[in-house]
Amino acid sequence: MIRSNCDTAQLEGLFLLGSNAKTAKLLAESGIECSDDSLLIRREISAGGRGRVFINDKLATLSLLKSTGDSLADIHGQHDQKITL
């Protein structure tokens with residue numbers, strides 16, 4: 001979803017890790033430092049379909065982004081509590 005007449009789109013998110021040791025360990029194993037307990041995630045998408053991911057201004061893979069995102073937040077939908085039989 002890139003604005004018309006633009007070549008790229010960027011999405012950024014700033015997260016405070018606090019006591020989230022799981023995420024800090026995951027990133028440290030990938031060579032990404034989180035010195036001040038904050039985490040800046042940026043995704044750039046080009047009109048040609050190529051994209052890049054940056055975590056704390058270091059180039060990262062989509063799989064690392066997914067793993068990091070999974071450890072940062074739980075996303076629930078409106079009807080998650082409903083049980084279907």
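In what order do the strands of the open sheet run, and is the pairing parallel or antiparallel? Keep that in mind as you set up the view.

**Before you click.** This is a predicted model, in which local features need pLDDT of at least 70, side-chain atom pairs count only at pLDDT 80 or more, and totals for chains, interfaces and linings use all residues. Residues are numbered from 1 along each chain as its sequence is written, and side-chain values use heavy atoms, without hydrogens and water.

**Stop 1: the whole chain.** Show the cartoon. You will find 2 helices and 4 strands. These are DSSP runs, numbered from the N terminus: helices are H or I with at least four residues, strands are E with at least two. Along the sequence the pattern reads β-α-β-β-β-α. The radius of gyration, taken over C-alpha atoms, is 16 Å.

Stop 2: Select the strands. The order is S1-S2-S3-S4, and the pairing is antiparallel. Two strands pair if DSSP finds at least two bridges between them. Strand S1 (8-16) and strand S4 (58-60) are the edges, each pairing on one side only. From one strand to the next, the twist averages 25°. Now zoom in on S2 and S3, which pair over 5 bridges. Glutamate 44 stands opposite arginine 52 in S3.

Stop 3: Axes here are lines fitted to C-alpha atoms, for helices over the stretch in contact; angles run from 0 to 180 degrees between N-to-C directions.

**Stop 4: the core.** Which residues make up the largest nonpolar core? Select Leu17, Leu27, Ile32, Cys34, Leu39, Ile41, Val53, Ile55, Ala60, Leu64 and Leu65. Such a core is a set of buried Ala, Val, Leu, Ile, Met, Phe, Trp, Tyr and Cys residues joined through side-chain atoms within 4.5 Å. Buried means under 20% relative accessible area (1.4 Å probe, protein chains only). Strand S2 (38-46), strand S3 (51-55) and helix H2 (62-72) each supply at least two of the core residues.

Stop 5: Click valine 53. Beyond its neighbours within four places in sequence, its contacts (heavy atoms within 4.5 Å) include Arg42, Lys58, Ala60 and Leu65.

Terms used: Buried means under 20% relative accessible area, exposed over 50%, partly exposed in between (1.4 Å probe, protein chains only). The radius of gyration is taken over C-alpha atoms; the globule rule is 2.2 Å times the number of residues to the power 0.38.
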